[in-house]
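Keep the structure open while you read.

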Amino acid sequence: MIKTKNLKKIYTTEEVETTALNDINLEIKEGEYVAIMGPSGCGKSTLLNVLGLIDQASSGEYFFLGEEVAKSSERKRAGIRKNNIGFVFQSFNLIDELTVYENVELPLLYLGFSASERKKRVSETLEQMALMARKNHFPQQLSGGQQQRVAVARAVVARPKLILADEPTGNLDSTHGEEVMKLMSDLHDAGTAIIMVTHSPTYAEYAQRIIHLFDGHIVSENIQNKFKI
């Protein structure tokens with residue numbers, strides 16, 4: 001699904017040049033669950049943004065579903081994102097003026113789904129996430145765990161091939177964090193590939209493979225013995 005060759009990301013200002021990613025060589029298979037770990041500032045979120053085609057690499061190659069996309073235009077990257085990738089962030093990024101139902105429906109509006117198909121998919125997803133009873137609530141009427149479940153629902157309602165999760169439990173207590181991690185495992189069991197940035201060794205254990213970053217480099221990879229890739 002994903003393959004990178006010597007991927008680099010350099011941020012340049014008038015005063016300093018910072019290498020956020022340095023020679024990243026990485027392969028991720030369809031349906032795989034990968035956790036990315038490392039200290040703050042090591043390049044984890046930058047890598048996720050590059051893989052998610054939100055940001056563009058400075059050099060190197062990036063193949064997504066067999067197509068080289070590292071130098072693609074923003075319009076093409078946006079099209080690939082919309083049709084293939086769902087995002088879950090630490091800050092839930094819900095729209096306060098929209099109900100739970102409307103927040104989850106939003107990606108389907110952008111993708112041009114019919115009203116009947118939108119209703120079907122949103123209803124199915126809210127049922128899956130145990131959120132149907134909250135469909136007419138607004139985000140501020142929900143707990144943090146419920147808001148993150150809405151964010152996960154929004155990420156998966158279009159049935160993407162890949163979910164990118166950046167510290168999805170970072171703003172949650174342990175009970176709600178476990179709840180979200182169980183949701184992620186269920187999605188992976190259903191065939192969705194997941195790449196998750198996390199500081200938590202406990203939550204990283206949910207993944208099939210753990211990639212460790214340090215100063216923009218991949219320094220180690222661990223395959224979990226309890227899984228087969």
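## How to read the angles

Axes here are lines fitted to C-alpha atoms, for helices over the stretch in contact, and the angles run from 0 to 180 degrees between N-to-C directions. Two packed helices get described by the angle between their axes and the distance between the axes. One thing to keep in mind: this is a predicted model.

## Helices α3 and α4

Start with α3, which covers residues 100-110, and α4, which covers residues 115-128. Their axes lie 10 Å apart, and the two helices pack at an angle of about 130°. That makes α3 oblique to α4. As for handedness, the crossing of α3 past α4 is right-handed.

So who touches whom? On the α3 side you'll find V100, Y101, V104, E105, L108 and L109. They meet R118, K119, R121, V122, S123 and L126 in α4. Sort the residues of this contact by class and you get seven nonpolar, four charged and one polar.

## Helices α5 and α6

Next up are α5 (residues 144-156) and α6 (residues 174-189). Here the axes cross at roughly 15° and come within 9 Å. Angles under 35 degrees count as roughly parallel, so α5 is roughly parallel to α6. The crossing of α5 past α6 is right-handed.

Which residues make this contact? From α5 come G145, Q148, R149, V152 and V156, and they meet H176, E179, V180, L183 and L187 of α6. This contact of α5 with α6 has five nonpolar residues, three polar ones and two charged ones.

Terms used:
Residues numbered from 1 in each chain as written. Predicted model: local features only at pLDDT ≥ 70, side-chain atom pairs only at ≥ 80, totals over all residues. Heavy atoms only, no water. Helix = DSSP H or I, 4+ residues; strand = E, 2+ residues; numbered from the N terminus. Parallel < 35°, antiparallel > 145°, perpendicular 65-115°, else oblique. Left-handed = near helix turned anticlockwise from the far one by under 90°. Contact = heavy atoms within 4.5 Å. Nonpolar A, V, L, I, M, F, W, Y, C, P; charged D, E, K, R; others polar.
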